[in-house]
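Here are some questions and answers for a reader meeting this structure for the first time.

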Amino acid sequence: MNKPRILWTDDEIDLLRAHIIFLQEKGYEVDTANNGSDAIEKVKNEFFDIIFLDENMPGLSGLETLTEIKTISPNTPVVMITKSEEENIMDEAIGSKIADYLIKPVNPRQILLSLKKNIDQKRLVTQKTTSAYQMQFGKIGMQINDRLNFDEWKDIYKKLVHWEIELSESDDSAMDDVLTMQKDDANKSFFKFVKENYISWFTQDIEERPMLSPDIFKQRVFPHLDDGKKTLLLVIDNLRFDQWRTLSPVFNQYFRTDSEELYCGILPTATMYARNSMFAGLMPSEIKKLHPELWADDDNEGGKNKHEEELIQKQLSRFRRKESLYFEKVGGVKKERWVTDNLNNILEHDLSVLVVNFVDMISHARTEMDMIRELANNEKAYRSITLSWFQNSSLLELLKGLAENDIRVVVTTDHGSIRVNSPVKVIGDRETNTNLRYKLGKNLNFKSKHVFEVRDPRKIYLPSRNVSTSYIFAGNTDFFAYPNNYNYYANYYKDTFQHGGISMEELIIPLITLSPKK
């Protein structure tokens, strides 16, 4: 293994001989320069893992040398060493993207710490993360096999997402495989939990069951309006908790996180059911009964979410609320004046609801386009694409404006998604719907224990076409495929992100309350 190479530039380099010997004994190769010009020449012709740079040198100053080095080798970490503690020098150095800043006199241990932080950090983080997860692995496994309530399942899912993100930043791919197996085990147990408990939630008092989609406005939006706060409900369609955790550092540049919680979406975990339920404050069968003109059945060829604004207005009226409402739904296209127009509208209304479909569009595009599937070929890459979109989106520009104007923001979603792998044959009549994670129809025929069948949809407040209609929901990473062209569809949809069924990723979804830092 090659020794890490250091370039140490200081006009008094001979006085640092003891430091250099110390580093050499620790396994580092050290080259030296006693002025900025020589250092620049060395960087042009040789590779260095890290550069130590004295700020106060005759000829080219440390800051001038730093600028030249960054032009030649922008990704090489540079540690600035200086006698000066003047704030403007620190600001200039940090603004030039130095890796570290040390004040003379430095001792060998300070240098070693800086090296480990900037060269060995990846390896050390990998070792620490792997060790920490190995310690947690057994505890999580024991919890998964217990009889848990929904709050305990939320805790399990939070832990698994935490370790998934931590391990994705390390180099230990073996532990990724271990975590994947543990998530699979957790989803199998979670499926059993939902299968055993979901129906009973609709016979319990609201305090005894999890918070569900129709509870969101009453429990997490209206209280902000009662406090006199202008509020935006931001619904990012198909946003999983791990994706939220990836986006949250960007939000936190402008907003303080007042609460980060998880709630339970409803079945099916699909937009036409879950989002309509959230906006109406009702379960789907209640919407169809009370507002039949605002409900489109699953087999309807037209849009099934055309009446979202009307459903929100109906909920406001039902609770005798008088707040003014602004509603907007947007995909991935950046419109001229979109930020300005939406900012002005949000500022003029008490309650604003913004639906953003871009994450859902990524999910669908990944299924249909080989290029997107290649770009998002695993969970880490899927999160990365989501983050890249958000960092360069009109939505972020809008949120900056809201932070400047003291607008409370509630971020949530209607459902998440899971990457499916295992096809399950299902037979139904020609009216059976096309979703891969749930089906409704007459005489549905399947052979899998990983299916939750509800023969009486009234028990879970879902609408029926007729008295023979039943629903089935896929669990774990299964997806439904018809016998006709079975092999083609099984291969086409394998390793795609889908929703509608039962998994932690689809059902346990984020609900965040933010207030502006300003």
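Q: How are helix 14 and helix 18 oriented to each other?
A: In this predicted model, the axes of helix 14 (residues 338-348) and helix 18 (residues 394-404) come within 9 Å and cross at roughly 40 degrees. Angles under 35 degrees would count as roughly parallel and those from 65 to 115 as roughly perpendicular. The two helices, helix 14 and helix 18, are therefore oblique.

Q: Which element gives the largest share of the lining of the second largest pocket?
A: The second largest pocket holds about 580 Å³ of space, and among its 23 lining residues the closest to its centre are Glu164, Thr180, Lys183, Glu379 and Arg419. Two or more lining residues come from each of helix 7 (150-168), helix 8 (173-197), helix 17 (379-391) and strand 11 (418-420). The largest share, eight residues, comes from helix 8.

Q: How many charged residues are in the lining of the second largest pocket?
A: Sorted by class, the lining of the second largest pocket includes two nonpolar and eight polar residues. The number of charged residues in this lining is 13.

How values were computed:
Residues are numbered from 1 along each chain as its sequence is written. This is a predicted model: local features need pLDDT of at least 70, side-chain atom pairs count only at pLDDT 80 or more; totals for chains, interfaces and linings use all residues. Side-chain values use heavy atoms; hydrogens and water are left out. On a 1 Å grid over the protein atoms alone, a cavity is a set of points where a 1.4 Å probe fits but cannot get out, and a pocket is an open set with protein on both sides within 12 Å along at least five of seven lines; lining residues have an atom within 4 Å of a point. Grid points are joined across faces, edges and corners, and a volume is the space filled by probe spheres set on the points. Helices (H or I, at least four residues) and strands (E, at least two) are DSSP runs, numbered from the N terminus. Ala, Val, Leu, Ile, Met, Phe, Trp, Tyr, Cys and Pro count as nonpolar, Asp, Glu, Lys and Arg as charged, and the others, Gly among them, as polar. Axes are lines fitted to C-alpha atoms, for helices over the stretch in contact, and angles run from 0 to 180 degrees between N-to-C directions. Angles under 35 degrees count as roughly parallel, over 145 as roughly antiparallel, 65 to 115 as roughly perpendicular and the rest as oblique.
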